[in-house]
Amino acid sequence: TQGLVEFKSVSASYQSESGEVSPALERVSALFAPGQRVLITGRTGSGKSTMMLVMLNLIKYEGEILIDHKDIAKIPLKKLRSKITMIPQDALHIPGSTLQNLLPLENGKERSDLISDDLIQRVLQDVTLWDHIEAKGGLEVSFQDMHFSAGQKQLLSIARAILHQIEFKTNIILMDEVTSNLDNDAREAVLSTMNIAFRGCTRIE
């Protein structure tokens with residue numbers, strides 16, 4: 001993938017339990033060039049998160065979304081989601097070890113040769129999490145027993161994304177308010193880390 005993303009008159013909506021339909025996107029057209037960093041601004045509920053969800057084909061939409069000139073509706077979901085790195089604002093975590101939460105796509109299969117123990121440690125050091133994890137007993141300790149703060153959970157999500165990008169060589173990074181729970185010092189440090197890790201990628205934030 002090169003990282004070219006195009007929206008062609010894309011609309012999406014949500015339906016409440018009562019059946020009320022609320023539009024989230026209305027006929028959005030946009031072109032994101034390979035390697036471009038795009039900041040999407042707007043008030044809460046303006047459709048920023050929805051744009052990212054439709055790119056992963058996680059919610060129904062109308063119109064066309066093209067990645068490198070290919071309609072994502074024709075790309076198998078597993079392949080599509082392995083080619084885009086997503087960092088959500090509120091990351092999901094699975095029962096299991098901290099390592100399993102770092103490499104969720106590896107569970108049940110052999111780890112890629114690209115992802116060494118040294119690399120994992122270095123990435124965790126880059127996002128300032130390694131000391132906490134080491135003090136709690138290491139990567140095989142359960143996620144729950146790490147007692148991560150909200151900010152540390154965001155840092156773990158960023159580390160997971162960096163490893164995902166390395167393993168799958170993704171060129172599209174979706175970032176949904178990924179530093180909202182970090183203080184200024186941590187935010188500056190992790191932004192610098194992401195600028196290096198995702199250099200050359202199309203970043204939609």
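Author: Two strands count as paired if DSSP finds at least two bridges between them. Helices (H or I, at least four residues) and strands (E, at least two) are DSSP runs, numbered from the N terminus. The model is predicted, so local features need pLDDT of at least 70 and side-chain atom pairs pLDDT 80 or more, while totals for chains, interfaces and linings use all residues. Residues are numbered from 1 along each chain as its sequence is written, and side-chain values use heavy atoms, with hydrogens and water left out.

Reader: In what order do the four strands of the antiparallel open sheet stand?

Author: Strand E1 (residues 5-15) is joined to strand E2 (residues 21-32) by eight antiparallel bridges. E1 also pairs with strand E4 (residues 62-67), again antiparallel, over five bridges. With E5 as well, the open sheet has the order E2-E1-E4-E5.

Reader: Which strands stand at the edges of that sheet?

Author: An edge strand here has a single partner strand, so one side of it is left without a neighbour in the sheet. The two strands placed like this are E2 and E5 (70-71).

Reader: What is the phi of Gly 19, in the turn between E1 and E2?

Author: E1 and E2 make a hairpin, with five residues between them. Gly 19 is in the turn, and its phi is positive, at about 95°.

Reader: How many aromatic pairs does the structure hold, and how is the pair of Phe 143 and Phe 148 classed?

Author: Aromatic pairs (rings of Phe, Tyr and Trp, the last by its six-membered ring, with centres within 6.5 Å; planes under 30 degrees apart are stacked, over 60 edge-to-face, the rest tilted) number two here. The rings of Phe 7 and Phe 32 have centres 6.2 Å apart and planes at 65°, so this pair is edge-to-face. Phe 7 lies in E1 and Phe 32 in E2, so the pair ties together parts 25 residues apart in sequence. The rings of Phe 143 and Phe 148 have centres 5.4 Å apart and planes at 50°, so that pair is tilted.

Reader: Is Phe 148 buried or exposed?

Author: Buried means under 20% relative accessible area, exposed over 50%, and partly exposed in between (1.4 Å probe, protein chains only). Phe 7 and Phe 32 are both buried, and Phe 143, at 12% relative accessibility, counts as buried. At 9%, Phe 148 also counts as buried.

Reader: Which residue has a side chain in polar contact with that of Thr 170?

Author: Thr 170 is in the loop between H6 and strand E7 (172-175), and its relative accessible area is 0%. Leaving out residues up to four places away in sequence, Thr 170 touches several others, including Ser 82, His 164 and Cys 201. A polar contact is a pair of N or O atoms within 3.5 Å (within protein, one able to donate a hydrogen and the other to accept it; residues adjacent in sequence count only if both atoms are side-chain atoms). At 2.7 Å, the side-chain partner of Thr 170 is Thr 85.

Reader: Which residue in E8 is the bridge partner of Arg 37?

Author: Another open sheet, with parallel pairing, has the order E3-E8-E7-E6. E3 (37-38) and E8 (residues 202-204) pair over two bridges. In E8, the partner of Arg 37 is Arg 203.

Terms used: Contact means heavy atoms within 4.5 Å.
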